[in-house]
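Here is a walk through one protein model, taken strand by strand and then helix by helix. Keep the 3D view open while you read.

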Amino acid sequence: MNARRVVITGVGTVNASTAGGRDALAGALALGRSAIGPVRAFDATGLASRLAAEVDESTLAGLVDRDAARRLSRICRLALGACLIAVRDAGIAGGPGLGIVVGTEHGDFTSSRDFAQGFLRRGPAGLSPMIFPNTVMNTMASIAAIAIGAKAPSVTVNQATLAGDLAVARATRMIADGRADAMVAGGVDELFHEVYRRLSEMGALSPMRSRAPEGCRPFAADHNGPVLGEGATFLVLEERETARARGARVMAEIEQVAWGNVPTAPHTGRPGRSDSGSPAARMIRAHDPDRVARCYGAGNGDPAVDDWERALLGRELGPRADLLPPVSLAPLFGQHGGLGALRIGAAALDAERGAASVLVHGIARGGCRTAVLVGPAR
């Protein structure tokens with residue numbers, strides 16, 4: 001039996017530039033204005049890194065019911081807000097055919113810190129039963145699934161750089177395999193003081209022990225590390241015939257997905273042997289490069305990731321690679337768990353406007369690689 005075809009019917013995004021459905025995302029992309037600026041949420045004095053893309057509390061406050069907001073952590077509110085927007089954008093209702101996949105790089109560190117500090121300050125009596133559920137990595141998916149009525153599989157994936165890409169790819173495969181009729185899939189992260197501080201101290205953020213100024217400059221000669229962002233972006237994916245039957249407005253079709261691990265050199269997380277046998281490599285090579293109109297890449301300013309991605313695409317797209325330099329959205333929204341889903345949302349908007357296939361590609365330190373091919377709805 002042939003795999004079922006999967007289409008994109010809705011978008012919900014809450015990021016440092018905008019909050020809303022497909023029209024809000026299209027507007028932010030058309031404007032092309034970077035949301036990166038000096039960190040406001042905490043004091044970054046003494047750190048080499050002082051930039052981030054932050055979501056205003058006023059934006060977040062209007063997305064979730066006030067009573068629910070009081071008991072939810074900030075990252076749960078980000079995820080829930082984007083999921084509610086996405087299902088509203090798609091006009092889809094919950095039920096046994098709707099599932100959810102949430103990707104995150106860091107999860108709810110704030111709740112974990114608060115829970116631990118309660119014990120350190122007051123002993124067992126300080127362990128809050130209200131905070132504890134938020135310390136579990138799949139809390140964001142659980143909260144959102146209850147709110148949108150998703151009763152099909154609920155999955156959480158944890159992956160640096162590619163959390164959102166991987167969530168959408170996994171959800172696509174679940175629909176194609178008949179495990180759900182529709183999925184809400186994407187990623188979420190919040191800016192957390194201690195994580196930011198430790199990454200900066202480790203030299204994992206721009207300016208990465210470089211004399212070049214701090215900033216997010218993917219694929220540039222002076223790239224010197226990523227700049228963190230925060231936010232959530234989720235897409236509604238549906239089996240094509242189910243979407244048609246309910247009269248959904250289809251944005252684009254997900255033509256193919258692939259993910260897997262790329263060989264890396266021991267202890268470095270950097271390129272090792274050839275990647276010729278990975279699922280993503282096979283998928284890209286099997287597709288006609290002339291049918292690809294654009295390529296969104298995961299490059300975020302980390303020289304190792306940027307250079308590796310360029311080399312992989314150059315090898316697999318051949319001469320076409322020079323005409324399809326990977327486009328990074330990290331300079332607009334900062335690196336966070338929702339960025340991969342945002343890239344796929346951008347590709348869907350391109351396809352809806354009549355573009356040929358759009359490749360959304362990603363590679364992360366440690367060797368995870370993803371490839372999602374988005375095309376016009378047919």
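Start with a pair of strands. E1 covers residues 6–15, and it pairs with E8 in the antiparallel sense over nine bridges. The model is a predicted one. Gly-10 stands opposite Val-236 in E8. Val-11 has Leu-235 as its bridge partner in E8.

Now look for another partner of E8. Strand E7, residues 182–189, is joined to E8 by eight bridges, and the two run antiparallel. Here Val-184 is bridged to Val-236 of E8.

How many of the nine residues of strand E8 are buried? E8 spans residues 231–239, and nine of the nine are buried, so the strand is largely enclosed by the rest of the structure. Buried here means under 20% relative accessible area.

Go back to E1. This strand is mostly covered too, with ten of its ten residues buried. Three bridges join E1 to E9, residues 252–261, in an antiparallel arrangement. In that pairing, Val-7 has Glu-253 of E9 as its bridge partner. Two bridges join E1 to E2, residues 19–20, again antiparallel. Val-14 is bridged to Ala-19 in E2. The link between E1 and E2 is a hairpin of three residues.

Next, take a closer look at Glu-239. This residue lies in strand E8. Is Glu-239 buried or exposed? Its relative accessibility is 9%, so Glu-239 counts as buried. Leaving out residues up to four places away in sequence, Glu-239 touches Arg-4, Arg-5, Ile-175 and Asp-181. The Glu-239 side chain also makes a polar contact with the side chain of Thr-242, at 2.8 Å.

Turn to the helices. H1 covers residues 22–31 and H13 covers residues 339–352. Their axes come within 10 Å and cross at roughly 90 degrees. Angles of 65 to 115 degrees count as roughly perpendicular. H1 and H13 are therefore roughly perpendicular to each other. Which residues meet at this crossing? From H1 come Arg-22, Leu-25, Ala-26 and Leu-29. From H13 come Leu-342, Gly-345, Ala-346, Leu-349 and Glu-352. By class, this contact has six nonpolar, one polar and two charged residues.

Finish at another charged residue, Arg-77. Arg-77 lies in helix H4, residues 74–90. With 15% relative accessibility, Arg-77 counts as buried, because the cut-off is under 20%. Setting aside neighbours within four places in sequence, Arg-77 is in contact with Glu-57, Leu-60, Val-64, Ala-69 and Leu-72.

How values were computed: Residues are numbered from 1 along each chain as its sequence is written. This is a predicted model: local features need pLDDT of at least 70, side-chain atom pairs count only at pLDDT 80 or more; totals for chains, interfaces and linings use all residues. Side-chain values use heavy atoms; hydrogens and water are left out. Buried means under 20% relative accessible area, exposed over 50%, partly exposed in between (1.4 Å probe, protein chains only). Helices (H or I, at least four residues) and strands (E, at least two) are DSSP runs, numbered from the N terminus. Two strands pair if DSSP finds at least two bridges between them. Axes are lines fitted to C-alpha atoms, for helices over the stretch in contact, and angles run from 0 to 180 degrees between N-to-C directions. Angles under 35 degrees count as roughly parallel, over 145 as roughly antiparallel, 65 to 115 as roughly perpendicular and the rest as oblique. Contact means heavy atoms within 4.5 Å. A polar contact is a pair of N or O atoms within 3.5 Å; within protein, one must be able to donate a hydrogen and the other to accept it, and residues adjacent in sequence count only if both atoms are side-chain atoms.
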